[in-house]
Amino acid sequence: MMKDLLWKNITRLREQSPLVHNITNYVVMNNTANALLSAGASPIMAHAHPEMEAMMNICQALVVNIGTLDEYWVTSMKKAATQANQLQKPWVLDPVGAGATPYRDEVLADLLKLKPTIIRGNASEIMALAKHNTTPTKGVDSSAESNEAVAAAKFLIENYPTTVCISGETDIIINHEKEIHLSNGNPLMAKITGMGCSATALVAAFSAIIKDKAEAVTSAMALLGVAGELAAKESKGPGSLQLNILDKLHNMTEAEFTSTLKIEMKRG
Amino acid sequence: MMKDLLWKNITRLREQSPLVHNITNYVVMNNTANALLSAGASPIMAHAHPEMEAMMNICQALVVNIGTLDEYWVTSMKKAATQANQLQKPWVLDPVGAGATPYRDEVLADLLKLKPTIIRGNASEIMALAKHNTTPTKGVDSSAESNEAVAAAKFLIENYPTTVCISGETDIIINHEKEIHLSNGNPLMAKITGMGCSATALVAAFSAIIKDKAEAVTSAMALLGVAGELAAKESKGPGSLQLNILDKLHNMTEAEFTSTLKIEMKRG
Amino acid sequence: MMKDLLWKNITRLREQSPLVHNITNYVVMNNTANALLSAGASPIMAHAHPEMEAMMNICQALVVNIGTLDEYWVTSMKKAATQANQLQKPWVLDPVGAGATPYRDEVLADLLKLKPTIIRGNASEIMALAKHNTTPTKGVDSSAESNEAVAAAKFLIENYPTTVCISGETDIIINHEKEIHLSNGNPLMAKITGMGCSATALVAAFSAIIKDKAEAVTSAMALLGVAGELAAKESKGPGSLQLNILDKLHNMTEAEFTSTLKIEMKRG
């Protein structure tokens, strides 16, 4: 049932080709744009202050990825996110390197105040985001990282109106209504820069066409996880994997998707 | 005859390896540089204000691509284009996203005043550029997009001393002397980010070594179109297509080129 | 003996995965990050002034590559290099385009004053760097480029406490204690943008885990040269070569490495 729904969403993305505004980092701009195109969406990358509002007006979703942030770009991010909120368009925060420097944490605190529709990061980023922006509670099992990240995600959804995705060996999508676990992918994906950033961009693309945000995030993460898992089978290393993933995002069939997807509805 | 001439130009590019200064967008810098290298040219990417004149002095052509423009970069573009004019070196304008925001249109209006030697864009960009910068005339058939784009190109060449290339399923090269149509390529090329930007960079490279600008543009578009068409035959998706195009730009033979090229001289 | 030591270093890089801070150019950020990941290191790219010190605190080595420099980025470079010195962490200077413009040469003069642990460039960059920053002596054989570059490298190591790597058909690693020549690679590598920048990043990664800097540079250059040479055998052009190198950095075996490496200890 859920598999059918997710595949239908993947098909809809190819048909509707939503326009996604990306304020993202220099390292991944090229593969992020290519991942969006391969999946059927349309990317725009822009950051000039005088066009942030106008750009948001014509796009259907926004990515804010702080990977290579600086003062100018942070202002761009805030302008675009504010306009996205104004227009009730979804925006997705990718807190790259959260916890690495005080500056990142300050910027992330400001961005959180602008209420991202969705937050996607790895376990350590989600934990850093929660640690810096909520009052830590007792009882968090610091010895079990995935449990701790789930606790951090719960802090975030309690304090902000958002849906959180913790990506990793198991992708965990969590909000007040749902908790969904996905177990696709391949360890070699961690040897390609910007896989997480591509995930965030795909999350934004699906959030543009799907109202239920947990479902939107799940569609994106399922598509990328299955693509990565299938692509890894025919890859000799990270170089060939990168292009095989783009190929697979483009040419994946329903049979491939439904026979490969490993999904578990924990709640909702 | 024309095929022989174009192939000779492709060979000359590999031999002469002109130095091309690129002020282009972050998304495509890597593949633009690689496309230039694969075709035999030498890329330089720079934007610092204190070195724009000095850089133009040592380069043979300039690309101005506004994809990820901001205030600092716009100044870089104007400095480099002004110096190119001063030295009578060709410069090519790629009006990425023309019409998307008022800021882009204002910047493009300023850049047009600096008289680009060549303008390359897709149909909607060329139409937006003409709409914003010329008085629209009656009689434009708005129901037929390619006709409308040709009309827009004609506006531009009437108002500015330039050669226009509308790229798409058919690439149309047009100036006062000539109109040439090319029909190579593959729809999958639209699923790779920055194919148009690579086209623009190749146009600049050929314009550095060929006096007749319609011929220079045609050489570039023919090379890329044929490379894309041949590469698509051995590609499973956009990821493999991207690298196969680079390979083909590098290893294309005369037989492959002349047997694949579809060219029509409409005028001149 | 030396071959065993270099292979042990390559294995150690995969195990220890040092964190490398890269202030590098837009063109190569993606492939630099991927080269580091493929070889087993961990890349960070950042440039915001407020986080340069904090970022250097958590990284084990720094790359300063001036390819697409501007005023803001030059300040970032100086902040990070100063902090690297403060913490006695190695930093590597890649003088991209040295000699191309007066601005580059001025910036490089400032960066040299901050005493890079290692400098890696091609022959013309090393010569431009020496010409601009030392008093030229007589006796330099200007008719033999590689000899001239070695003379330039010797000027640099006499005037600055550094190790110099001149990369090219033969890679020459030179400091007060040692001179080592490596003769791997393939001419097609020159048709991929940023191969030198990837080399510099790998040099930084090895310098983070190896005390003897000539040995660190040799490990990096040997790994990349052998990877390029092996990858070229199965590549049809620059596009496939780029990804095959990433694959080979990741999956190279000891047998491949030791049977392919061509190394000559000239001194030390």
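Through which surfaces, different or alike, do the copies chain A and chain B meet? Only 7% of the interface residues of chain A are also interface residues in chain B, so the copies meet through different surfaces. The legends below describe close-up views of this predicted model.

**Figure 1. The rotation that relates the copies.**
Two copies of a chain are related by a rotation about an axis and a shift along it. As for the contact residues of chain C, 8% recur in chain B, and the copies use different surfaces. Chain A can likewise be laid on chain B by a turn of 120° and a shift of 0.0 Å along the axis, with an RMSD of 0.0 Å. Of the residues of chain A, Tyr26(A) comes closest to the rotation axis, its C-alpha being at 3.8 Å.

**Figure 2. The contact between chain A and chain B.**
Chain A brings 27 residues to this contact and chain B brings 26 residues. The area buried between the two chains is about 2,100 Å², and carbon and sulfur atoms give 58% of it. Asn30(A), Leu37(A) and Asp247(A) supply 22% of the area that chain A buries against chain B, more than any other three residues.

**Figure 3. Polar and charged links between chain A and chain B.**
Two salt bridges are found across the interface of chain A and chain B. A salt bridge joins Glu234(A) to Lys236(B), with the closest N and O atoms 3.1 Å apart. The interface of chain A and chain B also holds 13 residue pairs in polar contact, both residues being at pLDDT 80 or more. On the side of chain A that touches chain B, at least two residues come from each of the helices α2 (29–39), α3 (52–58), α4 (71–86) and α10 (238–251) of chain A. The residues of that side of chain A divide into 15 nonpolar, nine polar and three charged.

**Figure 4. The contact between chain C and chain B.**
Here 26 residues of chain C are in contact with 27 residues of chain B. Chain C and chain B bury about 2,000 Å² between them, with 58% of it on carbon and sulfur atoms.

**Figure 5. Polar and charged links between chain C and chain B.**
Across the interface of chain C and chain B there are two salt bridges. Arg104(C) forms a salt bridge with Glu51(B), the closest N and O atoms being 2.7 Å apart. Between chain C and chain B, 13 residue pairs are in polar contact, with both residues at pLDDT 80 or more. Helices α5 (102–113) and α10 (238–251) of chain C each supply at least two residues of the side of chain C that touches chain B. With five residues, α10(C) gives the most to that side. The side of chain C that touches chain B is made up of 12 nonpolar, nine polar and five charged residues.

**Figure 6. A salt bridge between two helices of chain B.**
The structure holds 27 salt bridges over all chains. In chain B, the side chains of Asp110(B) and Lys78(B) meet in a salt bridge of 3.0 Å, N to O. Asp110(B) lies in helix α5 (residues 102–113) and Lys78(B) in helix α4 (residues 71–86) of chain B, so the pair ties together parts that are 32 residues apart in sequence.

**Figure 7. An aromatic pair in chain B.**
A pair of aromatic rings is described by the distance of the centres and the angle of the planes. Over all chains the count comes to 12 aromatic pairs. Trp7(B) and Phe257(B) form a tilted pair, 5.6 Å centre to centre and with 40° between the planes. This pair links distant parts of the chain, 250 residues apart: Trp7(B) is in helix α1 (residues 2–16) of chain B, and Phe257(B) is in helix α11 (residues 254–260) of chain B.

Definitions and conventions. Residues are numbered from 1 along each chain as its sequence is written. Chains are lettered from A and ligands numbered from 1 in the order in which they are written. This is a predicted model: local features need pLDDT of at least 70, side-chain atom pairs count only at pLDDT 80 or more; totals for chains, interfaces and linings use all residues. Side-chain values use heavy atoms; hydrogens and water are left out. Contact means heavy atoms within 4.5 Å. Buried area is the accessible area (1.4 Å probe) that two parts lose on being put together, summed over both. A salt bridge is a side-chain nitrogen of Lys or Arg within 4 Å of a carboxyl oxygen of Asp or Glu. A polar contact is a pair of N or O atoms within 3.5 Å; within protein, one must be able to donate a hydrogen and the other to accept it, and residues adjacent in sequence count only if both atoms are side-chain atoms. Helices (H or I, at least four residues) and strands (E, at least two) are DSSP runs, numbered from the N terminus. Ala, Val, Leu, Ile, Met, Phe, Trp, Tyr, Cys and Pro count as nonpolar, Asp, Glu, Lys and Arg as charged, and the others, Gly among them, as polar. Copies are superposed by least squares on the C-alpha atoms of residues with pLDDT of at least 70 in both. Rings of Phe, Tyr and Trp (its six-membered ring) pair if their centres lie within 6.5 Å; planes under 30 degrees apart count as stacked, over 60 as edge-to-face and the rest as tilted.
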